Amino acid sequence: MALTGYLRQVSTAVRLLLIATLLLGVVYPLGIWALGRITFPDQAAGSLIDIDGKPAASALIAQSPQQNPQNWFLPRPSAVDGDPSASGASNLGPNDPQLLARIAAARDQVAGIEGVRPEDVPVSAVTMSGSGLDPQISPAYAQLQIPRVARNTGISEARLSELVAQRTTSPWESLLGQPAVNVTRLNLALAGLDPVGD
């Protein structure tokens with residue numbers, strides 16, 4: 001009698017294990033994968049942006065312009081100087097005097113580059129992302145850069161504003177976060193190379 005009850009419990013446990021494995025190990029992952037493919041079809045091919053059939057940039061990594069930086073939209077500061085092999089943050093706390101001094105210096109530098117008062121520089125222009133590689137900048141920082149880019153490239157501020165607006169994600173697209181502008185895609189559009197949109 002006790003053995004029959006024990007075998008019934010083992011049988012129930014094994015059936016529950018098989019059902020849980022099927023649901024959580026097969027059905028759920030396939031469902032999430034399919035939902036991702038339907039919801040974000042452009043992510044299926046990965047983050048590389050091809051120009052003329054050759055990889056030109058990654059939509060997930062900010063790239064600081066090396067030549068004539070005054071002609072391009074600039075990304076956020078990076079603790080790793082944009083090196084994808086050394087992703088990471090500075091690990092300085094919000095009250096660390098070293099961090100506060102670095103932010104103040106960065107604010108003065110951005111104000112000088114953009115020709116504005118330091119208090120007009122948005123916080124996203126002087127703070128780093130957690131990875132040091134994120135290509136997103138705030139729409140406010142993108143807008144701040146438009147007059148400089150217009151002066152140096154001859155492209156009208158109105159046209160640059162259109163490019164920024166076209167590459168600004170909504171909170172839904174950024175998973176209910178803040179609106180953001182992908183500076184890598186924006187600079188490719190500026191160069192007339194962005195295969196998406198425009």
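Just after helix α5, glycine 192 takes a positive phi of about 75 degrees. Helices (H or I, at least four residues) and strands (E, at least two) are DSSP runs numbered from the N terminus. The model is predicted, so that local features need pLDDT of at least 70 and side-chain atom pairs count only at pLDDT 80 or more, while totals for chains, interfaces and linings use all residues. Residues are numbered from 1 along each chain as its sequence is written, and side-chain values use heavy atoms, with hydrogens and water left out.

The axes of α4 and α5 (residues 183-190) come within 10 Å and cross at roughly 140 degrees. Axes are lines fitted to C-alpha atoms, for helices over the stretch in contact, and angles run from 0 to 180 degrees between N-to-C directions. Helix α4 is therefore oblique to α5; angles under 35 degrees count as roughly parallel, over 145 as roughly antiparallel, 65 to 115 as roughly perpendicular and the rest as oblique. Leu160, Leu163 and Val164 of α4 meet Leu186, Ala189 and Leu190 of α5 in this contact. By class, the contact has six nonpolar, no polar and no charged residues; Ala, Val, Leu, Ile, Met, Phe, Trp, Tyr, Cys and Pro count as nonpolar, Asp, Glu, Lys and Arg as charged, and the others, Gly among them, as polar.

Leucine 160 is placed in α4 (residues 157-166) and counts as buried because its relative accessibility is 0%. Beyond residues up to four places away in sequence, leucine 160 touches Phe73, Ile146, Val149, Ala150, Ile155 and Leu190. Its C-alpha lies 7.4 Å from that of alanine 150, at a sequence separation of 10 residues.

Glutamine 63 lies in the loop between β2 and α2 (97-114) and, at 35% relative accessibility, counts as partly exposed. Glutamine 63 and threonine 184 are 121 residues apart in sequence, yet 6.4 Å apart in space, C-alpha to C-alpha. Leaving aside neighbours within four places in sequence, glutamine 63 is in contact with Ala56, Ala57, Ser58, Pro75 and Thr184.

Technical notes
Buried < 20%, exposed > 50% of the residue type's maximum accessible area, 1.4 Å probe, protein only. Contact = heavy atoms within 4.5 Å.
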